[in-house]
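Subject: Structure handover

Hello,

Here is the structure I promised you. Please open it and keep it beside this email while you read.

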Amino acid sequence: MTANPVSVNSNACLISPEIGKSSLAPAHPPLKLGILASGSGSNFEVIARAIQNQQLNAQIPVLIYNNPEAKAAARAEKYGIPSILLNHRDCKSREELDTKIVKTFQEYDVEWVVMAGWMRIVTKVLLDAFPDRVINIHPSILPSFPGIRAVEQALAAQVKITGCTVHIARLEVDSGPILMQAAVPVLPDDTAETLHARIQVQEHKIMLGAIALIAESNRKYCD
């Protein structure tokens, strides 16, 4: 029997790989995460809260933000996490910005880089400094709808399902090995705002899930 699309639970989603009760279990040693954020910092706060609540065995030595108006800095202050403004407008090239980012992260002994709403294209400078240790979150089920305005792209294409992806970053925008994805239904009356709000709920889940997978892998490697 085919379900009536109007009756679909607007908060329903499918996550791959599945997040079980043990997926946020402690690992040793904790991951040292350097966070990059450009806007509200909601994904950053989800990670910080999970660490504070001992749901995620990680540390955030530092947050870097590039927009002076970013609310992420205030969120970092709330959790006692140092935040550093590296304004891209003060840099002559993307490489110059990434050089400053790398230097800062190295000073704080960062092991993994998390682009949590980082609205800048990264370069070889950052990716070479942290090989296969830079992750990004994108509001679509990649490889569909890469680049900017992914939610608007999905609505324009009239797809019935979209979602979000956490992946290892590569030079090509929104490409690289996929760590975790979540599917979100597109409802008949969705706007970019309503759809993005539901996608963001799932972003928070798979961001934690992906970091937990990395932490578990790190634990096995250390053992």
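Start with Thr-165 and its contacts, where contact means heavy atoms within 4.5 Å. Leaving aside neighbours within four places in sequence, Thr-165 touches Asn-136, Ile-137, His-138, Ser-140, Ile-141, Leu-142, Ile-178, Met-180, Gln-181 and Ile-206.

A word on the source: this is a predicted model, in which local features need pLDDT of at least 70, side-chain atom pairs count only at pLDDT 80 or more, and totals for chains, interfaces and linings use all residues. Residues are numbered from 1 along each chain as its sequence is written, and side-chain values use heavy atoms, with hydrogens and water left out.

**Thr-165 and its strand**

Thr-165 sits in strand β7. Helices (H or I, at least four residues) and strands (E, at least two) are DSSP runs, numbered from the N terminus. Is Thr-165 buried or exposed? Thr-165 is buried, with a relative accessible area of 0%. Buried means under 20% relative accessible area, exposed means over 50%, and partly exposed lies in between (1.4 Å probe, protein chains only).

The side chain of Thr-165 has two partners to look up. One is the backbone oxygen of Ser-140, at 2.7 Å. Another is the side chain of Gln-181, in a polar contact of 3.1 Å. A polar contact is a pair of N or O atoms within 3.5 Å; within protein, one must be able to donate a hydrogen and the other to accept it, and residues adjacent in sequence count only if both atoms are side-chain atoms.

Now widen the view to β7, residues 161-168. Seven of its eight residues are buried. Cys-164 is buried too, at 0% relative accessible area. Which strands pair with β7? Strand β6 (residues 134-138) pairs with β7 in the antiparallel sense, over four bridges. Strand β8 (residues 178-185) also runs antiparallel to β7, and seven bridges join them. Two strands pair if DSSP finds at least two bridges between them.

Next, go to Gly-41. Gly-41 lies in the loop between β2 (31-37) and α1. Gly-41 is buried, at 6% relative accessible area. Beyond its neighbours within four places in sequence, Gly-41 is in contact with Ala-72 and Arg-75. Check Ala-116 as well: Gly-41 and Ala-116 are 75 residues apart in sequence, but 7.2 Å apart in space, C-alpha to C-alpha.

Helix α1 covers residues 42-52. How many of its 11 residues are buried? Eight are. Among them are Phe-44, Val-46 and Ile-47. After α1 comes Gln-54, whose phi is positive, near 60°.

**Salt bridges**

A salt bridge is a side-chain nitrogen of Lys or Arg within 4 Å of a carboxyl oxygen of Asp or Glu. By this rule the count is eight. Here are three of them.

- Glu-45 and Lys-78 form a salt bridge, with the closest N and O atoms 2.5 Å apart. The pair links distant parts of the chain: Glu-45 is in helix α1 and Lys-78 is in helix α2 (residues 72-78), 33 residues apart. Glu-45 is buried, at 6% relative accessible area, whereas Lys-78 is exposed, at 55%.
- Lys-100 and Glu-96 form a salt bridge, with the closest N and O atoms 3.8 Å apart. Both lie in helix α3 (residues 94-107), four residues apart, about one turn of the helix. Lys-100 is partly exposed, at 34% relative accessibility, and Glu-96 is partly exposed, at 28%.
- Arg-149 and Glu-152 meet through their side chains, at 4.0 Å from N to O. Arg-149 is exposed, at 59% relative accessibility. Glu-152 is partly exposed, at 34%.

Salt bridges that share partners also join Glu-45, Arg-49, Arg-75 and Lys-78 into one network.

**Cysteines**

Cys-91 is buried, at 13% relative accessible area.

Best wishes
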